[in-house]
Amino acid sequence: MYMYKTIKSPYKYYVYDGNMNSILEIEKSEFESLSRIEEGKGQNEDEIILQSFQKSGFCNESNIKEIKHPDTDNVEYYLESMLSRIYLQITQNCNLRCNYCVYSGNYQNRTHSNKIMDFEMAKKAIDYLVKHSYDSFECTVGFYGGEPLLEFELIKKVISYIKSNYPDKKFSYTITTNGTLLSSEIANYLVENNFSLVISLDGHKECQDTNRRFINGKGTFDVIMKNLENIKRQHPDYFPKILINSVLSPDADIKSIKDFFSTNDLIRDIRVMSTAVSSAYSNEEIYYPDEYRAVERFETFKCILWLIGKLNFDKTSDLFTRWSGPATEKYRMMKKVGKVSEINHPGGPCVPGKHRLFVDVEGNMFPCERISEKSKIMNMGNLNTGINIKKVKEIINVGSCTKEECMKCWCFIFCGQCAAHADKLEDRPSPEMRLSRCDQLKDSVIENFLDICFLRENGYNFEEGVLRWEES
């Protein structure tokens with residue numbers, strides 16, 4: 001198996017080299033020869049073309065000799081001295097029953113319950129964060145649910161504890177809420193403490209009320225919009241800092257949702273991001289139809305046109321600007337990583353807990369809030385015993401379970417699979433589960449590469465453009 005992938009744009013021909021981690025523009029005849037070899041149909045003349053590339057260091061077999069995450073040997077330092085964020089699951093309860101929620105019963109990992117984090121456990125979590133953040137300039141505490149504002153009194157006690165006991169440590173706070181409980185009292189408190197506030201709002205009334213309903217079945221749109229109106233009236237300077245998260249379900253009419261966020265007078269100036277329904281730990285396959293993908297891809301293309309100066313930014317949608325970001329991110333990764341080293345790990349796994357340590361209501365610690373609390377292999381320890389470094393090193397090197405396939409894969413660096421994608425809630429990672437995502441991930445990476453090629457063909461300056469993207 002050779003570590004390359006041929007790519008064709010509408011006008012030009014390319015090959016991505018997985019060892020050199022770079023994209024080369026090639027001739028049509030070279031493209032055809034390399035493609036035939038990829039398909040196992042190479043002829044003698046094709047081998048001659050291949051050998052000419054190999055003499056220049058390209059299109060060789062894999063250089064990778066060992067699967068090992070580059071941060072493996074630094075894990076202990078990171079988790080002992082560089083923690084920066086902790087997310088507290090202060091409740092497993094919620095006042096809504098959303099169709100696609102991970103607590104809805106359609107997932108293996110979570111169901112709604114009356115469990116809450118008591119104040120003593122929350123204090124332990126804060127103490128743990130501070131003790132292990134010596135080399136971090138700032139600490140962030142996130143409040144997670146269920147619906148975290150059901151435990152507003154606990155949130156206030158936690159922040160009061162931080163201010164009283166750690167006045168010299170810089171702290172920031174974040175919360176994601178369904179927005180239905182944002183009374184004036186709560187809003188005032190969040191503003192006074194400079195919370196990063198994320199509100200879940202899927203779109204217009206019909207869309208929101210279809211999936212996001214109170215326990216009694218009543219829709220939530222009107223309540224949330226009224227709460228937003230109050231915040232805008234009482235805190236006009238804070239209001240634009242709010243971030244809206246729109247979950248785009250497979251049956252969503254994303255064109256009408258896009259139009260809603262672009263034209264609604266109340267929220268059109270608020271930042272909006274979109275997320276897909278989570279597929280991790282789902283009991284059912286999450287399938288997005290072709291019609292949905294077509295609109296998504298068209299809107300992403302408009303964002304790319306903006307990047308090359310062919311379309312005004314106001315013609316793009318906030319829902320999709322982040323989807324055009326991966327092309328610049330992958331270009332940056334190529335520059336940062338460079339030639340792939342012999343000892344490496346497929347891209348995807350982060351250092352568990354380093355940036356988003358998740359503590360459930362009972363004090364168990366997991367890599368982040370997306371992980372199942374029922375997972376044995378992803379449980380890193382608890383507040384009483386601390387983090388099990390050996391377990392963390394196993395999590396971060398999840399690619400070892402598919403090492404034979406990974407070591408010869410052209411998509412090695414851009415794999416993107418986190419450890420949860422191999423978690424079947426068993427005693428070991430699942431190679432079958434991990435490999436089942438490969439084709440989908442490769443297709444996504446090829447799309448990103450085509451975006452890079454298109455941007456290059458149209459004179460896009462990646463070095464300046466990355467900065468422009470970040471500023472926007």
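Visitor: Why is S35 called buried?
Guide: S35 has a relative accessible area of 12%, and buried means under 20%, exposed over 50% and partly exposed in between (1.4 Å probe, protein chains only), so S35 counts as buried. The model is predicted, so local features need pLDDT of at least 70 and side-chain atom pairs count only at pLDDT 80 or more, while totals for chains, interfaces and linings use all residues. Residues are numbered from 1 along each chain as its sequence is written, and side-chain values use heavy atoms, with hydrogens and water left out.

Visitor: What makes L425 partly exposed, and how does N21 count, buried or exposed?
Guide: L425 has 21% relative accessibility and therefore counts as partly exposed, whereas N21, with a relative accessible area of 2%, is buried. L425 has a phi near 60°, a positive value in a residue other than glycine, and N21, also not a glycine, has a positive phi of about 55°. The loop that holds L425 lies between α14 (403-406) and α15 (431-435), while that of N21 lies between β2 (13-17) and β3 (22-26).

Visitor: Why is α1 called roughly perpendicular to α2?
Guide: Helix α1 packs against helix α2 (residues 44-55) at about 105°, with the axes 9 Å apart; axes are lines fitted to C-alpha atoms, for helices over the stretch in contact, and angles run from 0 to 180 degrees between N-to-C directions. Since 65 to 115 degrees counts as roughly perpendicular, under 35 as roughly parallel, over 145 as roughly antiparallel and the rest as oblique, α1 is roughly perpendicular to α2. In this contact (heavy atoms within 4.5 Å), E30, S33, L34, R36 and I37 of α1 meet D46, E47, I49, L50 and F53 of α2.

Visitor: What makes β6 largely enclosed by the rest of the structure?
Guide: Five of the six residues of β6 are buried, so β6 is largely enclosed. Strand β5 (residues 85-89) pairs with β6 in the parallel sense over five bridges (two strands pair if DSSP finds at least two bridges between them), and I86 stands opposite V141 in β6. Strands β6 and β7 also run parallel, joined by five bridges, with S172 in β7 as the bridge partner of T140. In the loop between β6 and α5 lies G146, and the peptide bond from G145 to G146 is cis, with omega near 15°.

Visitor: Which strands are the edges of the sheet, and what makes them so?
Guide: The open sheet has 10 strands in the order β10-β9-β8-β7-β6-β5-β12-β13-β14-β15, with mixed pairing. Its edge strands are β10 (271-276) and β15 (386-387), each pairing on one side only. Strand β10 pairs with β9 (residues 243-248) in the parallel sense over six bridges, and A276 in β10 stands opposite L248.

Methods. Helix = DSSP H or I, 4+ residues; strand = E, 2+ residues; numbered from the N terminus.
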